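Visitor: Hello! Could you walk me through how some helices pack in this structure?

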Amino acid sequence: MKNWKKLTVLLLAAAMLLLTFAGCASKAATSAASSQTAASAPAASASTAASASASASASASASASTATGDKPTIKFYGKCIEYTSGPMMTDALTKAVADKYNIDAIQIDWSNMDTVIRTGIASNDPCDIYNYPASSMANFADMAVDLTPYLDADPEFKAYFSQAELDACTVDGKIVCLPWESNFTVILGNKEALDKLGITIPESWTMDEFNAACEKIKAAGLFPFTNATDLNRAAWIYRNAMLSEVATSGKAADYAAGKVGFDSDESKQALEATKALYDNGYMYPGEGAVTVKNDEAKAAFYQGKVLMMPEIAAGAKQTADGATDFTTELIPWPSAGDKGAINGGMNCLFIPKNSKNIDAAVDVLKTYLGADIQKIHASEGYIPANVGVEVSDPFVKDVLAQASTMGIEPPFSSATFDYMNNNLTADLVLNGGVDTVVQNLTSAASAG
């Protein structure tokens, strides 16, 4: 078991990305989202320096609370309703801190993260805690509280995380966020249907081999594959193909450093490989494949209409357990180049500098990221970030083994990420093809 835990931690180090997220736009948005009351367990110790740096922004709300007798409200933009563990974790947080703070647990809007977070921070009434991927924290590093002094002052708190995790959360020498889970892309398949068609799933396969299997499935009157265009999944095929191409060409390090452009041969080849899946009619539901949502894709998978679908590692067990009519098997992601690669990273939490409750927000983080609440995440079949929480489920262990090919993506700009998630697939398949996408990706990267 310890070896599995060590493997999990090491694999997390390979990731500098993921799958992403949103914030709190205004008081109206806050009240419209899920609002729950709660508050905090005993305050953990923080360094004198950290407390001093935070006191200015926290004092106003603390004084108001003292005067009125009300507890501070911590706006926690981190309720993940897509995971069965998400509401359970925020409910547990609410109960755990109920003696000191009210918790306004707000549902994450995964598709509009940058815009909503920026709007909230610009309003000077932001959420106190935001969910965001470590790999893109450079976008908000200047706006985030440096958590280094808080961690250094509390060794028990710091021990929640591996050094590799902390390194992934560090920008310009400052720890600007903390992870609550790891994630990467996997593929789930309908084992009985694939076996019936004589399709044997190898330990690894090229895109050509994957296409051959897709052709056999299509000939049987079924859809081979699907890829949701919501929840930041729209560009998964391209992103993984790109990682495979740069791994094959020996440019993986350059790509991670942002030195391989979207107009490179690797990028064009990755886009061509992605487009071919749609052009060949392999993508569910055919017409409309560029707009299919995750709920539609999952329903089609359960109904046997489509035999393979991507899923996040954190949700793989839940999706597999939901398939009551067949056995779900894990399928390796096809390699566009000679070497396999998948995107992945960590979902994290950060505190904006203009939060009115910085010290309290740190205290809430300690509770949420502690073993008690992280165990809830693990017990539901997800992958916790707290290294003191072991993963015991055999299926989840098999999922973790897939992370061996996890690659490192560059820190995409907000404009690039928005384009990938909202426009890339439609432009690639319907609105101009590879040249149009290359031009738009390049423009988005330049826009920052």
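This is a predicted model: local features need pLDDT of at least 70, side-chain atom pairs count only at pLDDT 80 or more; totals for chains, interfaces and linings use all residues.

Visitor: How are α11 and α13 oriented to each other: parallel, antiparallel, perpendicular or oblique?

Guide: Helix α11 (residues 236-249) packs on helix α13 (residues 265-279) at an angle of about 140°, the axes being 8 Å apart. An angle counts as roughly antiparallel when over 145 degrees, and the class between that and 65 to 115 is oblique. The two helices, α11 and α13, are therefore oblique to each other.

Visitor: Is the crossing of α11 and α13 left-handed or right-handed, and how many charged residues are in their contact?

Guide: The crossing of α11 and α13 is right-handed. On the α11 side, the contact includes Tyr-238, Met-242 and Glu-245, and these residues are among those meeting a set in α13 that includes Glu-266, Leu-271 and Tyr-278. The contact residues divide into nine nonpolar and four polar, and the number of charged ones is two.

Visitor: What is the orientation of α4 to α17?

Guide: Helix α4 (residues 85-96) and helix α17 (residues 371-379) have axes that come within 9 Å and cross at roughly 165°. Angles over 145 degrees count as roughly antiparallel. That makes α4, relative to α17, roughly antiparallel.

Visitor: Which residues of α17 make the contact with α4, and how many residues of that contact are charged?

Guide: From α4 come Ser-85, Met-88, Met-89, Ala-92 and Leu-93, while α17 supplies Ile-373, Gln-374, Ile-376 and His-377. Sorted by type, the residues of this contact are six nonpolar and three polar, with no charged.

Definitions and conventions: Residues are numbered from 1 along each chain as its sequence is written. Side-chain values use heavy atoms; hydrogens and water are left out. Axes are lines fitted to C-alpha atoms, for helices over the stretch in contact, and angles run from 0 to 180 degrees between N-to-C directions. Helices (H or I, at least four residues) and strands (E, at least two) are DSSP runs, numbered from the N terminus. Angles under 35 degrees count as roughly parallel, over 145 as roughly antiparallel, 65 to 115 as roughly perpendicular and the rest as oblique. Contact means heavy atoms within 4.5 Å. Ala, Val, Leu, Ile, Met, Phe, Trp, Tyr, Cys and Pro count as nonpolar, Asp, Glu, Lys and Arg as charged, and the others, Gly among them, as polar. A crossing is left-handed if the near helix is turned anticlockwise from the far one by less than a right angle, and right-handed if clockwise.
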